[in-house]
Amino acid sequence: MVHIWKFGDDIDTDQIVPGRYAPYMRPNEDVADAAFIEAHPEFNKQAVAGDIIVAGENFGCGSSREYAVLALKRRQIGAIIAKSFARIFYRNAINLGLTLIEAPQVVDRLSDLDFCTLDLEENRLIVRNSILRLPEIPPFAREIINAGGLVAYIQTNGRLPGE
Amino acid sequence: MSQTLTEKIFSNALGRVVQAGEIVVVQPDVVMSHDSLTPGIIDILQNDFGRASVQNPDQLVFSFDHVAPASTVGTAENQNKVRAFARRNNIRFFEVGRGICHQVLIEEGIAQPGFIVLGADSHSTSYGAVGAFGSGMGSTDVAAIWATGKTWLRVPETLQIQVRGKFQPGVGPKDLALRIGRELSISGATYLTIEYHGLDWLPLHGRQTLCSMAVELGAKAGIVPPSGEIRKRFTVPDWLFVDPDTSYYRTLEINLETLEPQIAIPHAVDHVVDISKVAGRKFDQIFLGTCTNGRYEDLREAALIIKGQQISELVRFIITPASSHELLRAMADDTLSTLIAAGAVISTPGCGACMGRHQGTLGKNDVCLSTGNRNFKGRMGDPTSQIYLVSPAVAAASAIRGVITDPRSL
């Protein structure tokens, strides 16, 4: 059982990791320690491996900074379930092998700090004794995530996805 | 068969007819990265891909603009790492003070009409100002291009902005960019290209303002058809024109004759109102700069409003030219001297205070009027600070009065 951390719409990458906390600015620190450091201090201090982020529309909008994904990946966030994702964030997450699930019909049924079990094999989320179906991750993205991210995909297949 | 400009650019790159929705693998013409992310991209290339050199050095270009010159030992060491890598691999780079990547690549003719220009920076949509397909990517995607020379892209559908009329006095390209945000919302163009029509008369700098802000609505690219001034300054391929019967994902019409000065209030880019709604509010700092509004014409507009007057002692006014070239243009007439005499400070050309790292970082409860493109909470400094996004004219008028001011009221 893991926790849900529920966020609203339009969570921008400045909230996930402010530019002032970039690896460039703090080369000797782990960017994972900066995840939601100012926007959500409870998440920053208490989120543990496997926890799930649930959010509204347009999660990850703004900057192209991949370290926003990297910080959540290093915190071992189990998945991000949102109504929709910003384009660059979505691509960055696939590339680093972080599971994103676009599930607009599920988000409103989940609450902050709910306990849940995420079953990616069966595409379902078990929460408060009910089973919520999750849409399948598009095959193109699934392939990259399953390979372990873009670098591993290219190294394993000797070609780019889609090539 | 009619195509969008995006479909034409991808068809040209692949040598076959391409339609929106296809996933294609392309060799981008230009791949840009800057000092903030290039050190990490080098690590991905070397440590994760296990490669010492890039596939095609001619494709790459680096800029030093995000923290320029270096502000800490850490940023200095990272910049030195990038310089050494660039020299070893024969990669072009532009030193600290040359300016913002998106400005410099256009000035240097590196971004050209019809090119595919990808950058490790979300504001790479800016290259649409010259009729290129410009788009931002993350570090691993860019490292993969360094390693292979190629990337995959889904060819996006296109949203058309149909502009009617001309700007009224005191209203300009930034007001149009903010108005589009107000109409479409922060996610209203997600995964799409925005094509801006009806602007054949708009000079390059105004096109740069519009295209830089396409990403703020979620867009993958923003393109102004390369007409007017662009045809005089660049070579436009003969296939790069708007087909009259093209159908678009959506069309939004905007009438400039009735457009008022717009302002984005904290903390969202689409939280836009007419200036009259917030006129008279207090603030502490003005930041005139960025890839959106840091060019000579923006400084000139501010200087013409401020000329002969002093900036209010209630506020500080920081100007960061978009490039050394734009700074020189502002020195060639009385633009720069007017602004400095009025009390403004000029910082090194580059990104400046835009992402809160140096040259004007905001403290607790500071309120900033920025001509930039993002007003996310905490972007320019302390999370209790606030950012309003404005045009250079609103910035200048407000500088004189010391409160948010409609430039038409002076």
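## The interface between the chains

Buried area is the accessible area, taken with a 1.4 Å probe, that two parts lose on being put together, summed over both. In this predicted model, chain A and chain B bury about 3600 Å² between them, and 59% of that area lies on carbon and sulfur atoms. The contact involves 37 residues of chain A and 46 residues of chain B. On the side of chain A, the residues that lose the most area to chain B are A:Tyr24, A:Arg87 and A:Arg91, which together account for 25% of what that side buries.

A:Arg91 also takes part in a contact between a charge and a ring across the two chains, for its charged end sits over the ring of B:Trp152, 3.9 Å from the ring centre.

## Aromatic pairs in chain A

A search of the whole structure finds 14 aromatic pairs over all chains. One of them is formed by A:Trp5 and A:Phe43, whose rings are arranged edge-to-face, with 5.4 Å from centre to centre and 75° between the planes. This pair links distant parts of the chain, since A:Trp5 belongs to strand S1 (residues 2–6) of chain A and A:Phe43 to helix H2 (residues 41–46) of chain A, 38 residues apart. Both partners are buried: A:Trp5 has a relative accessible area of 3%, and A:Phe43 has one of 0%.

A:Phe43 forms an aromatic pair with A:Phe7 as well, again edge-to-face, with the centres 6.1 Å apart and the planes at 70°. A:Phe7 lies in the loop between S1 and helix H1 (13–16) of chain A, while A:Phe43 is in helix H2 of chain A, so the pair ties together parts that are 36 residues apart in sequence. A:Phe7 counts as buried because its relative accessibility is 10%, which is under the 20% cut-off.

## A partly exposed loop residue in chain A

Where does A:Ala49 lie? The residue is found in the loop between H2 and strand S2 (52–55) of chain A, and with a relative accessible area of 45% it is partly exposed. Leaving aside neighbours within four places in sequence, A:Ala49 is in contact with A:Val2, A:Arg75 and A:Gln76. The C-alpha atoms of A:Ala49 and A:Gln76 are separated by 4.6 Å, although the two residues are 27 residues apart along the chain.

## Domains and helices of chain B

The domain assignment of chain B gives domain 1 (5–254) and domain 2 (263–409), and the C-alpha centres of domain 1 of chain B and domain 2 of chain B lie 24 Å apart. Contacts between these domains involve 33 residues of domain 1 and 40 residues of domain 2. The two domains bury about 2900 Å² between them, of which 57% is on carbon and sulfur atoms.

In helix H2 (residues 38–48) of chain B, the residues B:Thr38, B:Pro39, B:Ile41, B:Ile42, B:Ile44 and B:Leu45 are buried. The buried residues of H2(B) pack against helix H7 (150–157) of chain A, and also against strand S2 (30–34), strand S3 (60–63), helix H3 (73–89) and helix H5 (139–148) of chain B. Just after H2(B), B:Gly50 takes a positive phi of about 65°. In helix H7 (residues 204–212) of chain B, 9 of the 9 residues are buried, so this helix is largely enclosed by the rest of the structure. Among the buried residues of H7(B) are B:His205, B:Arg207, B:Gln208 and B:Cys211.

## A buried aspartate in chain B

B:Asp382 lies in the loop between strand S17 (367–370) and strand S18 (386–389) of chain B. Is B:Asp382 buried or exposed? B:Asp382 counts as buried because its relative accessibility is 17%, under the cut-off of 20%. The side chain of B:Asp382 makes a polar contact with the side chain of B:Lys364, at 3.4 Å. When neighbours within four places in sequence are left aside, B:Asp382 is in contact with B:Leu362 and B:Gly363 as well as B:Lys364.

Note on methods:
Residues are numbered from 1 along each chain as its sequence is written. Chains are lettered from A and ligands numbered from 1 in the order in which they are written. This is a predicted model: local features need pLDDT of at least 70, side-chain atom pairs count only at pLDDT 80 or more; totals for chains, interfaces and linings use all residues. Side-chain values use heavy atoms; hydrogens and water are left out. Rings of Phe, Tyr and Trp (its six-membered ring) pair if their centres lie within 6.5 Å; planes under 30 degrees apart count as stacked, over 60 as edge-to-face and the rest as tilted. Helices (H or I, at least four residues) and strands (E, at least two) are DSSP runs, numbered from the N terminus. Buried means under 20% relative accessible area, exposed over 50%, partly exposed in between (1.4 Å probe, protein chains only). A charge sits over a ring if NZ of Lys or CZ of Arg is within 6 Å of the ring centre and within 35 degrees of the ring normal. A polar contact is a pair of N or O atoms within 3.5 Å; within protein, one must be able to donate a hydrogen and the other to accept it, and residues adjacent in sequence count only if both atoms are side-chain atoms. Contact means heavy atoms within 4.5 Å. Domain bounds come from an automatic or database domain assignment.
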